Amino acid sequence: VLSKVGPDLVTDDSTMAAGWMEDDIVVDVSKYVSQSSIDNLIDSALADAYGFEEEGMFIYPIVGTGSVLWLSGTCLDLVGAEIPETWDELFAVAKLIHEKVVCVTDAAGNKAFVLRDSDANADGSGTDVIGFACDTGETLREVCEQNGGVYDAATGGVLFNNEAVLDWLKKFQEGCSEGYLAPAFQGGYVNKDMNPGLLAMGGGSVACRPYFEIENVISYHVPQTEGSDTIATNARFRGFIVLDNGNEDRIKGACAFIDFFQKPENNLKLVKAMGYYAIMKDTIEMPEYQQYLEENADLAQIWPEYGSNFPSIPVGTYISEALTNCLASVASGTDCQDALNTAENFILSNR
C-alpha cells in the first residue's frame, strides 16, 4: 500500500484509513460515488465517513459490526448465575465458574461442561475452564470509554489514565493471576476457545455466530461500569477504503464497486454473508432484513447508538496498540499504574 502497488480498495475501519492519509494515498470517495449512495447512509455512519481531520470522505462505511458478550448458558446454569450486567458481576461469575466447572471429554471425543467433583467427573479428568477472556485491546477500550474516555483529539491528551480504569485493571490482574480471567483468546477468536471447553465467557464479534459448535451459547451486550453515567459498547463500521495508485480509471472502477454494494439487494447479501447489521437506509427498510434481525438476536445486543471506535486520526492505530499492550502487561504481572503510564507515554510520543 505505501509503495502504491497495493490493492485498489480494502475493507477496514476509519482508523486504518486515517493511518494511511499521512502518506496521501487515500481517495476522497465523495468525488466519485453517487450522491444517492452517500445520502443512503444512516447518520452515525455518515459521521464516521467524514470524521477525519482533513475535509473529505475517506472511507465509505458499508456494514455495521461490533462485539457482544458470548456466554455458555450451560456454565451459568451449573453455578446458578445470571447473565452479568456489570464488570464486577462478570468477574464474580467468571471466578465462580472457574472454581466449580470443568470440561470433560467422553469416549467419542465430545466436550461437555460439568460440575467439578460431580458423577460426570468422578475420575477427576476434567480440565479447568477460564471464566472470561478479553477481545484483546477492544475490551480495555470499552472500559476506558465508560470511565472518562480514551483520547481527546482536540487537545491531544490521553483520558484513560485515571482511578476508575486503574481500579478495573487491578481487579483484572487479580483474576488473571488466579486463572479465571485471560487477556486474549488462545485460539484467536472466542468461538475457538469456547468450542473445546476452554472458556465460559468472552467478548467477541457477532461474526462468530455461525462458528459455535457447542450447545447453549447465548449473547448479551458488553458489561458496563457500575456507577458510571457513560454507556459504551464496541459497535463500529466496516467500509471500503479506496487507494490512490495514480490511475484515474481504476479509482472510478473501485468507486463503481462501492455503488454496486450499496444497492439494497446487493447490500443485504453482503450484510448476511459477513454476519453484520445494515447501515444503509434502503436495506434497513427491506422486510427481508427485518426478518434477518429477528433470526439473529445477538445483533440487537450491539447497541450501535452507544458504539465507539478508535479515533479516525493517524494516532488511532497507536492507541489500539497501546491498550492491547497495557492489558497484556497487566495480565503478566506488571504494576497497573506503570502499565497505564507506559500506554499514555507511547500514545503521546506517536501523536
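Trainee: Before we get into pairs, what counts as a salt bridge here?

Mentor: A salt bridge is a side-chain nitrogen of Lys or Arg that lies within 4 Å of a carboxyl oxygen of Asp or Glu, and please keep in mind that we are looking at a predicted model.

Trainee: OK, and how many salt bridges does the structure hold?

Mentor: There are eight salt bridges in the structure. One of them joins the side chains of Arg 250 and Asp 8, with 2.9 Å from N to O. Because Arg 250 sits in helix α9 (residues 248-262) and Asp 8 in the segment before β1 (9-12), this pair ties together parts that are 242 residues apart in sequence.

Trainee: Is Asp 8 buried, exposed or partly exposed?

Mentor: Asp 8 is partly exposed, with a relative accessible area of 24%, and Arg 250 also counts as partly exposed, at 41%.

Trainee: What about Lys 171, which side chain does that one meet in a salt bridge?

Mentor: The side chain of Lys 171 meets that of Asp 88, again with a value of 2.9 Å from N to O. Lys 171 belongs to helix α7 (residues 163-178) and Asp 88 to helix α5 (residues 87-100), so the pair ties together parts that are 83 residues apart in sequence.

Trainee: And Asp 298, which residue is its partner?

Mentor: Asp 298 forms a salt bridge with Arg 209, and their closest N and O atoms are 2.9 Å apart. This pair links distant parts of the chain, since Asp 298 is in the loop between α12 and α13 while Arg 209 is in the loop between β10 (199-205) and β11 (217-220), 89 residues apart. Asp 298 is buried, because its relative accessible area is 6% and buried means under 20%.

Trainee: Switching topic, which residues form the negative surface patch?

Mentor: The patch is formed by Glu 22, Asp 23, Asp 24, Glu 53, Glu 54 and Glu 55. Asp 24 lies in the loop between α1 (14-21) and α2 (35-39), and it is exposed, with a relative accessible area of 59%.

Trainee: Last one: how many helices and strands does the protein have?

Mentor: The protein has 14 helices and twelve strands. Its radius of gyration is 22 Å, close to the 20 Å that the globule rule gives for 351 residues, so it is as compact as a globular protein of that length. Buried residues make up 51% of the 351 residues.

How values were computed:
Residues numbered from 1 in each chain as written. Predicted model: local features only at pLDDT ≥ 70, side-chain atom pairs only at ≥ 80, totals over all residues. Heavy atoms only, no water. Patch = residues over 30% accessible without salt bridge, like charges linked within 9 Å, V, L, I, M, F, W, Y side chains within 5 Å. Areas by Shrake-Rupley, 256 points an atom, 1.4 Å probe, with all protein chains shown as cover. Lys, Arg positive; Asp, Glu negative; His and termini not counted. Charge placed at Lys NZ, Arg CZ, Asp CG, Glu CD. Helix = DSSP H or I, 4+ residues; strand = E, 2+ residues; numbered from the N terminus. Buried < 20%, exposed > 50% of the residue type's maximum accessible area, 1.4 Å probe, protein only. Rg over C-alpha atoms; globule rule 2.2 N^0.38 Å.
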